[in-house]
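Let's walk through this model together, starting with a sheet and then moving on to the helices around it. Keep the 3D view open as you read.

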Amino acid sequence: MTQEKAKTKSKICTTTHNNADSLYALSGTKVESKEFWRWGTDNNMPEALAVLSRHSTAHRRIINDKADYISGKGFNFDSSVPLLANIVKRANGDGESLRQVLNKLAFDKSLFGNAFLEVITDEKHTFLSLHHQDATRCRVAKDSQHILLHHDWHHFRANEAHSLPLYPQFEKQSDGTLRSIIHYKDYEPMFEHYGVPQYIAGMNVSAIAYKTDRWNIARLDNSFQLSGVMMIDNAVDNEAEAAELARMAEQRFAGKPGQVMFVIRDESSDDNSRFIPIESQNDGDWKDLHDQATSDIVVAHSWFRSLSGLDYSTGFSAERILHEYEVALNTVILGEQSELLEPIVHAISKILQIDCSSLEIINRPPTRTKPAYMRVWEARKMDGLEYDENDEQQQLFLSEIGA
C-alpha cells in the first residue's frame, strides 16, 4: 500500500487570529500570541460554532446532510491505475477511505467555513497519505504561510504547537516525512485569514430555534401546569429567614425552571395564603417563531427543505425531492465537490505521478427514481456499479425494460 509508511498524523497544536477576522465571541480566556492569527475575537469562534451546531436540531441536520451529499457515495475512477485505486480504498495509515476523508472535510467546511487536509509523503515520493485535521485545532500562523495545530487553544503553549506549511510547500518532519496542509475556506469580504460559514447570517435564528426547543422542554418538565405566584402567610423573624423559606419551597415544589414563585409575608390574623396564576396565551406565537426560525436556517444555509428532513403539510413528494436535489446538485453540491477534490487530485498527480483525470465523485439522488430516457449503462454508472457503454444490452432505455 502507498500509505503504509504514514501511520500517524501530526500532533495537534496552536495558533491565533486578528480582530479583522473576529465574528463571534465565546466566553472564555482570550489567548494572545504573536505566532498566529486569532480565529474570532477571543480565538474561540470554532468552539462556539461547534457548540451551536449541537443545540439546534435543524441547523445540525442541514450540516450533516450537506456533508453527506457533497462527499457522495464513493468514486468512479480508472481501475487500471492501481495506485489510484489504493488511494480511493485506503487514503491513509488509519485505514480511512478517500470518501471518509472527504466527508470529514465537507462537514468541517459546512460547519466552520474552513477545512484542513494534511498531505504526507517522503523525499522520493514513494507513498502518499491524506489525513483530515480537526478545524478546531488549527490556526493560521502570523506569516500566513503555515498552519499551527494545538490540542487545547484555551491553554496555548508554543512548545506544544506543531507547524505545517500550506500546500504546495512541504517541510521535512522529525520522522523523516515531508508534510504539507491544504486550507479550504469560504470567501467573505474583510476576512483574510479564515473563511466564514455560509449560514453566518442565520446564527441568531439557530439560537432562536434552540431556545424555543428549551421552552418546550421546560413546559414538559412542569407538566404543562400554569406558572404563578404563591403568597404564603407565615411568622418569620427576619427577611433572611423568609428568603430561605421561599428558596426551600421553590426547590421542592416549583419545578424546572421555577414554575411557581413563592412569596413569604408576615403572618396576619386571617390566613391570606393564595395562589395567583400567570396565564399565557402565546403558545401560537412561540410555534410561529420556531417555524420561522427553522425556515430562515434553511435559507441561510442556501439549502432546501425537502433535503433537510423537514415535514410538510402536503406530505411526502418524491417528485419535489428529486427536483430540489437537482437544483442543489447544480447550485451547491457540484461546486463544493470541485473545490474539495481539485487540490486532492493535484496532490495525487504531482506526488505519485499518475493520471487522476478519471477520478470523480458518484452522486445519487435521495430517491431511486430515474428518468425513463436514461440508458441502462448511464443508470449503472450513476449507482456506482460496473458498466459498459458499448454493451448492446446496456444501450436500452430504462423505459424499455420497465425500470
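Two strands count as paired if DSSP finds at least two bridges between them; helices (H or I, at least four residues) and strands (E, at least two) are DSSP runs, numbered from the N terminus. The model is predicted, so local features need pLDDT of at least 70 and side-chain atom pairs count only at pLDDT 80 or more, while totals for chains, interfaces and linings use all residues. Residues are numbered from 1 along each chain as its sequence is written, and side-chain values use heavy atoms, leaving out hydrogens and water.

Start with the open sheet, where four strands line up in the order S3-S2-S8-S7 with antiparallel pairing. At its edges are S3 (129-133) and S7 (171-172), each pairing on one side only. Strands S2 (residues 114-121) and S8 (residues 178-185) are joined by eight bridges; for instance, Leu 117 has Ile 182 of S8 as its bridge partner.

Next, look at what packs on this sheet. Helix H4 (residues 98-112) touches S2, S3 and S8 (contact means heavy atoms within 4.5 Å), and its direction makes about 150 degrees with that of S2. Helix H8 also touches S2, S3 and S8, with its direction at about 160 degrees to that of S8. Such angles run from 0 to 180 degrees between N-to-C directions, and axes are lines fitted to C-alpha atoms, for helices over the stretch in contact.

Finally, follow H8 (residues 318-352) to H2 (residues 57-71): they pack at about 70 degrees, with axes 9 Å apart. The contact includes Tyr 69 and Ile 70 of H2 and Val 332 and Leu 340 of H8.
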